[in-house]
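Visitor: I would like to learn how to read helix packing and backbone geometry from a model. Where should we begin?

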Amino acid sequence: MRIYNTLTRRKEDFIPLEEGKVKMYACGITVSGEAHVGHGYQALIYDVMRKYLEKCGYNVTYARNYTDVDDKIIARSKETGIPADIYAAEMIKKIDKVMAEFEVDDPTLWLKATENIDNIITFITRLIESGHAYAAPNGDVYFSVASFKRYGCLSNRSVEDMLDGVRVENDENKREPADFALWKAAKEGEICWSSPWGKGRPGWHIECSVMNYKAFGEQIDIHGGGRDLIFPHHENEIAQTESLTGKQFAKFWTHTGIIKVNGQKMSTVAYTHLTLPTKRIV
Ligand SMILES: [Zn+2]
């Protein structure tokens, strides 16, 4: 079997880390709104991939996450007056129902950011201790991109290219513009957890590194997600994990295409929910 690896930009023979077993992780949904067909498409592809690997005789452990705390969820919580944790839990129920309509099966492991706060704090602490991250005076913690020499290996871009055309927040808390948040200090009234850096919540990228580490250890066979996650999300996952382990995080980085509506990425279109026209889409 050959799989296209975004990391090397070619198809490669699939040889698992451990004979007969596959450790596979796909980035799931940020539950700020209801599921749309783009979510269904990505989930379906990794479900099919998992089932194909099983059919080939592999024992597959497939993990997927729900990002159940982030800026958008907090914004929805403010708009609706529903506490962020309750809003996220309700949305997960709705999304699960839509996925069932798509006939997407549950992964082996469901992971959630809010159930891993202690693990996230431990991971960030280790990154600070090893010189890869720093706490800012305002209580944010940032990853130091300059501390990871291979930064850009997945998206194949230099830090200068990455910053070009991207809106860089003029944030005096960061040492360098490319540095990204591992922990965000809570603003008044926001959902938060206690940490060595004050009350706050995890950044988006760190949860996937931490949950992979918890579920699988230092290395996995296949990491997946939509193509829009290559940069910055997956690039940042590599930086966080490999800075700590010194090992290649995922052997294969795989990405699905993006469903577009009128030339725009599905998630940026004003759809919140699509009624499925037919039961089966494959
Ligand atoms: Zn992820």
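Predicted model: local features only at pLDDT ≥ 70, side-chain atom pairs only at ≥ 80, totals over all residues.

Visitor: How are two packed helices described?

Guide: Two packed helices are described by the angle between their axes and the distance between the axes. Here, helix H2 (residues 71-80) and helix H3 (residues 84-101) have axes that come within 9 Å and cross at roughly 105°. Angles of 65 to 115 degrees count as roughly perpendicular, and H2 is therefore roughly perpendicular to H3.

Visitor: Which residues of H2 and H3 meet?

Guide: On the H2 side they are Ile73, Ile74, Arg76, Ser77 and Thr80, and on the H3 side Ala84, Tyr87 and Ala88. By class, the contact of H2 with H3 has five nonpolar residues, two polar and one charged.

Visitor: What span should the 18 residues of H3 have?

Guide: At 1.5 Å a residue, H3 should span 26 Å. The end C-alpha atoms of H3 are 26 Å apart, which agrees.

Visitor: Which residues of H3 are buried?

Guide: Ala84, Tyr87, Ala88, Met91, Ile95, Val98 and Met99 are the buried residues of H3. Viewed down the helix axis, they fall within an arc of 100°, so they line one face of H3. The buried residues of H3 pack against strand S3 (21-30), helix H1 (37-55) and H2.

Visitor: And what does the face of H3 turned away from its buried side carry?

Guide: That face carries the exposed residues Ile86, Lys93, Lys97 and Ala100.

Visitor: Where do Arg9 and Asn156 lie?

Guide: Arg9 is in the loop between strand S1 (2-5) and strand S2 (10-13). Arg9 has 8 other C-beta atoms within 10 Å and is exposed. Asn156 sits in the loop between strand S7 (141-143) and helix H5 (159-163). Asn156 has 13 C-beta neighbours inside 10 Å and counts as partly exposed.

Visitor: Which residues does a cis peptide bond join?

Guide: The cis bond joins Phe231 and Pro232, with omega about 5°. Pro232 belongs to helix H7 (residues 230-245).

Technical notes. Residues numbered from 1 in each chain as written. Axes fitted to C-alpha atoms, helices over the stretch in contact; angles between N-to-C directions. Helix = DSSP H or I, 4+ residues; strand = E, 2+ residues; numbered from the N terminus. Parallel < 35°, antiparallel > 145°, perpendicular 65-115°, else oblique. Contact = placed C-beta atoms within 7 Å. Nonpolar A, V, L, I, M, F, W, Y, C, P; charged D, E, K, R; others polar. Expected span 1.5 Å × (residues − 1). Buried ≥ 20, exposed ≤ 12 C-beta atoms within 10 Å, placed from the backbone. Arc of directions from axis to C-beta.
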